[in-house]
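Subject: The structure I promised

Hi,

Here is the structure I said I would pass on. Have a look at it first, and then read my notes below.

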Amino acid sequence: MMKQSASQTVGPFFRIGLIYSQAQSNLVNEQTSGERITLTGVVYDGDGQPIPDAMIEIWQPDAKGIFNHALDPLQEQADPHFRGFGRAENRNAGKYEFKTIKPGGRDGMPPYINVHVFARGMLIHAMTRIYFSDEPANAEDPVLNSVESERRHTLIATREESDGSPVYRFDIRMQGEDETVFFNP
Amino acid sequence: MSELVKYNLLDWKVQPPYLHPAYKSTVKRSPSRPLVPLTQSLAELTGPVYGRDEIHPLDNDLTKNSVKTGEPLGERIIVTGRLLDDRGKPIRNALIEIWQANSAGRYMHKVDQHDAPLDPNFHGAGRTLTDENGVYRFTTIKPGSYPWRNHLNAWRPHHIHFSVFGTNFLQRLVTQMYFPGDPLLPLDPIHNSIPDEEARKRLISTYDHDVTTPEWALGYRFDIVVCGPRQTPFE
């Protein structure tokens, strides 16, 4: 078997290569099906300071929980107006923001969004997940249940209304008392 | 649903740790708790798919994709290689993005205040999709070294940043390509964060005279390997 290539940090200047369009943080167009949501938060370092040069990538299914990918047996029913990938910088005092739709759950499981965190000072990305505070099915989720109960809240975005449109807040803490749960898939 | 083929985990004998104190910014930005194991599901085994129509023909030529008044300055180079999984299988139609400093060691980025000239004809970013054999190819300018204040007299070796998507979320990789014979490599805490010497060497491109184009550009080869499937059911 071949050995993997090692990761190296994105460094402080990733913007010139990776952030080439505002559209990257907007996953929807007018024809996309589903509930429009804003997903926002701050990435904090171990001193509780916002990280000004972090990048968040998200990957999610459509409003029915279907991934627009050949491996999903339901791909033919996937929303053709939704790819499901987004990328945002942690700008404006360390805040990132996505415009997307709330994903659907699948097979009775709650919806979630997969996340990769990149930053200067991170030699390799970190993976986490965003669940939603208003989903009773969270209690059944095997991944949430595999996490110590006192750390589970770090994986759950809280719903806040903002002028009638839902905003989910998901902060990421690299270290500290409320350090976000990161996964090794 | 049919049984999903699982993918190999990140190989921590090869991958750098989150905390590497010689690279000072890792100290406050590294997760301190152990990573939690995750059973791979459809969400990890899928990922974004890009089409050829999303890539502009000049996107992989950094010597042409941002010219304003003329040719960018510096040593023109060709960088090519293959994107493979760890079973040696080429990964097709995968998005590769690169970014880099100009020939003087300066990035076209407002945070970069290194006292070296910007080049109005060089933005320093490109992207492409791998072909049917997993091959990518960029034309660019050899990036300069630059100081980075991690410690006294700290200079980054010549490098090009690579961002790679495979076919799924698990194959995501961001890395850096280095150049052979660079005396700064053994002094670089970022390159040295990789725990395995062979793995460090694999991030150093090789000069390839067959890639070099006469009267035009020097050629370098750089292959990238990401995790692959643990098994395939029909083999």
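A quick definition before anything else: two residues are in contact if their C-beta atoms, placed from the backbone, lie within 7 Å. On that basis, 53 residues of chain A are in contact with 65 residues of chain B. On the chain A side, helix H1 (15–18), strand S5 (113–119) and strand S10 (183–184) each supply at least two of the touching residues. Helices (H or I, at least four residues) and strands (E, at least two) are DSSP runs here, numbered from the N terminus. That side of chain A divides into 28 nonpolar, 17 polar and eight charged residues; Ala, Val, Leu, Ile, Met, Phe, Trp, Tyr, Cys and Pro count as nonpolar, Asp, Glu, Lys and Arg as charged, and the others, Gly among them, as polar.

Some housekeeping: this is a predicted model, where local features need pLDDT of at least 70 and side-chain atom pairs count only at pLDDT 80 or more, while totals for chains, interfaces and linings use all residues. Residues are numbered from 1 along each chain as its sequence is written, and chains are lettered from A and ligands numbered from 1 in the order in which they are written.

The predictor gives the complex an ipTM of 0.96 and a pTM of 0.97. Chain B averages a pLDDT (the predictor's confidence in each residue, from 0 to 100) of 96, with 97% of its residues at 70 or above.

Back to the interface. S10(A) runs parallel to strand S1 (residues 36–37) of chain B, and two bridges join them; strands pair if DSSP finds at least two bridges between them. A:Asn184 has B:Pro37 as its bridge partner in S1(B).

Chain A itself has two helices and 10 strands, in the order α-β-β-β-β-β-β-α-β-β-β-β. Buried residues (20 or more other C-beta atoms within 10 Å of their own; exposed means 12 or fewer, partly exposed in between, with C-beta atoms placed from the backbone) make up 50% of its 185 residues.

Beyond its neighbours within four places in sequence, A:Val117 touches A:Val43, A:Ile56 and A:Ile172, among others.

Finally, B:Asn121 sits in the loop between strands S3 (95–99) and S4 (125–129) of chain B. It counts as partly exposed because it has 17 C-beta neighbours inside 10 Å.

Cheers
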